[in-house]
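These are my notebook entries on one structure. I set down what I looked up, entry by entry.

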Amino acid sequence: MIQDSGMLKHSLQRLLGLIPTLLMLVTVAFFLIRVAPGGPFDSEKLLPPEVEANLSARYHLDEPVLQQYFRYVGQIAALDFGPSYHYKDWTVNELIAQSFPVSLTVGLSAMVLAFFVGTLLGIAAALRQNTRTDYSLMGFAMLGMSVPNFVIAPVLILLLAVYAGWLPAGGWDWSIAYMVLPVITLSLPAIAYIARLTRGSMIEVLNSNFIRTARAKGLPESTVIRRHALRPALLPVISFLGPATAAMISGSVVIERIFSIPGLGSYFVQGALNRDYTLVMGVVIFYGFLIIILNFLVDLVYAWLNPKIRYDEKR
Amino acid sequence: MTKSAENPVLDPFEAALGVSDVKGRSPWEDAWHRLLKNRAAVYSAFIMAFIILLVIFGPMLISWESDFTDWDYTSSRPSIESGHWFGTDAVGRDILVRTLEGGRISLLVGLVATIVSLVIGVGYGATAGYFGGAADRLMMRAVDIIYALPFMFIVVLLMVVFGRHIVLIFVAIGAFNWLDMARIVRGQTLSLKNTEFIEAARACGVGDWAIIRRHIIPNLLGVVMVYVTLTIPQVILVESFLSFLGLGVQEPMSSWGALVSDGAQDMESAPWTLIVPSVFLTVTLYCFNYIGDGLRDALDPKDRL
Amino acid sequence: MAVLLGACGNDNQQIIGSRDREIRPVELVLTEDGRPDPSVLAEIQELNRDNGDEPQTLDPHRAEGMPSANILRDLFEGLTSGAPDGRIIPGAAIRWNISRDGKTYTFYLRRDALWSNGDPVTADDFVYGLRRSANPSTASNFAQALLPIENAAEVLSGALPTSELGVSAMDEFTLQIKMRDPTPYFLSLLNHPSTFPVHRSSVLEHGAAFSRPGNLVSNGAYVLSNWVIRSRIELVKNENYWDAENVILEKIHYYPFVDQGTALKQFRAGKLHWTSSVPSNQFKWLQKHYPGELVTSPWFASYFFGFNLQREPFIANPDLRLALALAIDRELITEKVTQFGELPSYNLVPPGIRDYVSPLPGWADWTQQERNDEARRLYAAAGYTEEDPLRFEIRYNVGENNKKLALAAASLWKQVLGAQATLVNEESKVFLRSREQKVLTQVFRAGWIGDYADAYTFLNLFRTGYGRNDYGYSNSLYDSLLDEIAAERIPSRRRRLMFEAERVLLADVPFIPVYTYVTKRMVDPRLAGWESNVMDHHYSKNMFFLKDASDVPAPVADEVSSTGVSAADETVPPENETGMPGPADTKDAADAVEEGEVTEEAKESAPGNVEDESPEKDGEAVPEERAE
């Protein structure tokens, strides 16, 4: 096992390593978005040259690209992502601050739902491996991986919002009613992945010598599963959770569009399409930061959960 | 994860080399038998084969051309009299023939993108894992950085920069999807490289690249096969999201994703435009996933204990 | 899913939506002063209005796009304003004088007009507003609306200080604007947000944050009370508005539904009263299930395909261009593809504005068969055969409607001529660049929404060297006609010049006219006080909710009232077989514009409103692609 002091040192190292990674990220995204043809102020109604010059000057787009780059890096060092080019009344910081809580709420709820439903389905299927129950449980779980959510979402809206009238068809407010459908839709693919991962690793664990020993000791099956099999079986799920959670709490453009939710996800795509350079950079950096932090957290949880070495010794 | 004392991944390779000479018990054959016992996987394989044949030869059997606009029957429901057995879309094109031709694109997208990610991922992962040390750290740091880029953002940008060429869609998706593969392969390689037979090869003076090519990569075959069958459906799904965002394949070409996303807009007014391609898409994704699961169950030797 | 979808086809009454399908308003009764009688008004006067997208800004001088303009027209009031039918009516200015040469406008402001914080609205506020709008550091996106004003171009480019802009306050309530050219449509530019006044001390105090709720001081019928980005914008009635007693809606909620399918579902669930558009492809379905709610009406906007005249094979080949134009079956396209009653178009300027009737090319009267025959003859004469067909690319930007139109056109060219058109779909901003560069394009999607109710906004597109002349069209006769139009202030002469210019243009076939857009939306039948108009401007202050007939014990008046303001008038969609509005519809719109006469002085000038928007729909600069 990793020593506590080693753990601390390791953590610090990881966190320091974040800075060069983020800097690389900034650089890649900065130049990538500028390679795309078209600028932030191109529109069907062409701007007179004077107006375009004014706009460029206002946002420093008339400077050489390298100068813009260094200006930008200096800015983000002060955690200022600048004004959005598209949503002109707002700064990127404000936009992220307003939309991230929405995505975080929806994403985390979906993740929690997916975790419980997914693991339950997976365990149930693993215990009845290759039976009809197994197939039908997994068949249900895999729905989320096999039907695009832009099909599932409108069907749910039609059923529950339009025909039944129980829930709003779209829009956002801080109330459960507005969250139900987006959370369900968002969780379906994750349920599928988690159920499959759990089933696979559960089968593996149940067949291990370690579990056989436990069974041989005469422990009841439910105890074997709860006390001994569950933890190792969840390991792959835990490592899946890191990136998956990051993806979910950073919003989904499809879900946000269909349910008209003001989350973070649309900014990745719409920001790119609008050539809203500052907004895109802001969300890309934010996302990178999230990913790195979450992976780090997952590693911590993993180290805490992982009893692997013990098993190996026993063997 | 990879510290287990035995190295089970070794077995298939030993078998291939003839190290294990007990006839009828080769691990590959074992795996094959296990696969055949998995009914879901077997049925899926048959259905998939049928769909592939249908997609390849079906359009030749239908009298409609996929880009023919039948002005007398726009948005018409399925009917025998009109000759459009599964209905038409908003500009009068036959849904069935478009679905079948769209299937070609979807399957091709899945396959090519997967191959691209496979080649990059295996090459990269095996190299990093085999050399280890500073090279490994550097290479994995690069993977971390790419990992931290939001996938949709990159794909959308690539679409914008390179236009809508179909090959570029494959490459763009593949070029991003290799990260997982690289990580898995690196892990496997790390544990492989200290095994006796690699050391033996090295002692015989076999060069690094030759060892990677001849010994490491073949040993990863099992993992790779599972990965491939599970990546294809993922890629098909990603393509459908691009279509939903209006960034999919170029008309008049189509894909299941594009057809489904069009159909989803009109699910009440013209349900057939949604149902026909959705059935194909969903069945295909199910099949690939079942086959992938079956392969993993069959090939993962730990299961055999 | 099949079961569900199958089921919904059968029993519409029960399954179609949770809202009561039988919603019918009571008959509208007007009081003597022409206002709705309080007895017919619903208790709750709150409007849930879908705006199609998040506004880019609520700073009137930096605004661009329909979502911003819709809200800003409710918040602010320019010198002129718009009646429900689109006529230009007095706004903050109660009357005005135009000098003989058409170059000096004098506006007399209302003395009772107040800002929402109680300050009086003065001529200085307008001077400040216009100068701010023209100030280079404001970086206004739509400062071109100001260009007709004296020195505006120089101020915009920074060559002159803003104080040199031809705008001055004669006294507290008198404003004078000097013009560079006589601009007959200038009055309609004055209800465009970029000419709105802003409240000076709050702008100076809050800087960039002045457009936030709590900070924004406005002079229109409503004030901004809440703004949750990409979620909703809430306006409440401005009690200090000079006409507040006649403003009936107490609260407006603007929702930014980007996906029209979702907006429609939310409407069906009874939670929206007004949608910005409806999904394409669903005309028949909507007409069947929501005949009382679906509203379509001609729009001052054209859809056409452009030729790149700087690239072969279309350079010196007007006959070939004409062949392609003839082979497009517009009746077929509007009936089968666009479906919502779009009008087949044979020229550039859409119908529906006062003072102008477009010339038509000779072939407009032919049958499609005759057109096809002529097209084949011209095509063959240009040297193309079945073995050696014309091959070219048709380029369009992302969008459901664009895709269908390009497919339909390519298919018609193939079926009629045997020409091989390859579809090239580009992301919107890339597409705009391709068009502008004129290197890659051959035939491309084009279209235009009129900036103001005047044919000039369309004709100017084809001026040599004009920024959006992506056709590379250049004709010195045409250019000189445009110059004459700009300098002409006598309406009849100006009309003749515009007619002549459009005739010259049509003869050169630099584009393929396809259809005139319609606006299409779902509107709650109880909402009254608004009318369809070609500019598609709808002020919330004119609207009100009628009681639901089922809530009233008295015998229900089941048909349209005779006042002409009833919602029922507007919401009965055309029922003829083609799905196109009958001629009456168009005529109504035209008449609506004709009727309006504001003041003695205003008669001379073109009424109507400005189309401000470069309407950006979910970030794509796609004015034409409202319905996507």
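**Entry 1. Chain C against chain A**

How many residues of chain C are in contact with how many residues of chain A? I found 50 residues of chain C in contact with 44 residues of chain A; contact requires C-beta atoms, placed from the backbone, within 7 Å. I record here that this is a predicted model, in which local features need pLDDT of at least 70 and side-chain atom pairs count only at pLDDT 80 or more, whereas totals for chains, interfaces and linings use all residues. Residues are numbered from 1 along each chain as its sequence is written, and chains are lettered from A and ligands numbered from 1 in the order in which they are written.

On the side of chain C that touches chain A, α5 (152-156), α8 (260-268), α14 (428-437) and β20 (620-621) of chain C each supply at least two residues. Helices (H or I, at least four residues) and strands (E, at least two) are DSSP runs, numbered from the N terminus. I noted that α8(C) gives the most to this side, with 5 residues. By class, the side holds 18 nonpolar, 17 polar and 15 charged residues. In this classification Ala, Val, Leu, Ile, Met, Phe, Trp, Tyr, Cys and Pro count as nonpolar, Asp, Glu, Lys and Arg as charged, and the others, Gly among them, as polar.

**Entry 2. Nonpolar cores**

I next looked up the cores. A nonpolar core is a set of buried Ala, Val, Leu, Ile, Met, Phe, Trp, Tyr and Cys residues joined through C-beta atoms within 7 Å. A residue is buried if 20 or more other C-beta atoms lie within 10 Å of its own, exposed if 12 or fewer, and partly exposed in between, with C-beta atoms placed from the backbone.

The largest nonpolar core has 175 residues, of which A:Ala272, A:Val280, A:Val284, B:Phe153, B:Val155 and B:Val156 touch the most other members. Helix α8 (residues 176-206) of chain A contributes the largest share of this core, 17 residues. Leaving aside residues up to four places away in sequence, A:Val284 touches A:Leu25 and A:Ala29, and also B:Leu149, B:Pro150 and B:Phe153. Another core, of 174 residues, lies apart from it; A:Val51, C:Phe305, C:Ala408 and C:Leu417 are among its members.

Is C:Ala375 buried or exposed? C:Ala375 counts as buried because it has 26 C-beta neighbours inside 10 Å. I located C:Ala375 in helix α12 (residues 368-381) of chain C. Beyond four places in sequence, C:Ala375 touches C:Ala323, C:Leu326, C:Ala327, C:Val416 and C:Leu417. Its C-alpha atom is 9.6 Å from that of C:Ile328, 47 residues apart along the chain.

B:Ile95 is in helix α4 (residues 95-131) of chain B. It is buried because 26 C-beta neighbours lie inside 10 Å. Among the residues that B:Ile95 touches, not counting those up to four places away in sequence, are B:Phe86, B:Trp272 and B:Val276.

**Entry 3. Backbone features**

Most residues other than glycine have a negative phi, and most peptide bonds are trans. I therefore listed the exceptions that follow.

A:Leu79 has a positive phi, near 60°, and lies in the loop between α3 (65-77) and α4 (92-127) of chain A. A:Leu79 counts as exposed because it has 8 C-beta neighbours inside 10 Å. A:Arg275 also has a positive phi, near 55°, in the loop between α12 (265-274) and α13 (277-305) of chain A. With 22 C-beta neighbours inside 10 Å, A:Arg275 counts as buried.

C:Glu312 and C:Pro313 are joined by a cis peptide bond with omega of about 5°. I placed C:Pro313 in the loop between β11 (294-307) and α10 (318-327) of chain C.

**Entry 4. A sheet in chain C**

In which order do the 4 strands of the open sheet in chain C run? The order is β4-β5-β7-β6, with antiparallel pairing; strands pair if DSSP finds at least two bridges between them. The edge strands, each pairing on one side only, are β4 (93-98) and β6 (167-171) of chain C. From one strand to the next the twist averages 25°; axes are lines fitted to C-alpha atoms, for helices over the stretch in contact, and angles run from 0 to 180 degrees between N-to-C directions.

β4(C) pairs with β5 (residues 104-109) of chain C over 5 bridges, in the antiparallel sense. C:Asn97 stands opposite C:Thr106 in β5(C). Helix α4 (residues 123-134) of chain C lies across β5, β6 and β7 (174-178) of chain C and runs at about 175° to β6(C).

Notes
Contact = placed C-beta atoms within 7 Å.
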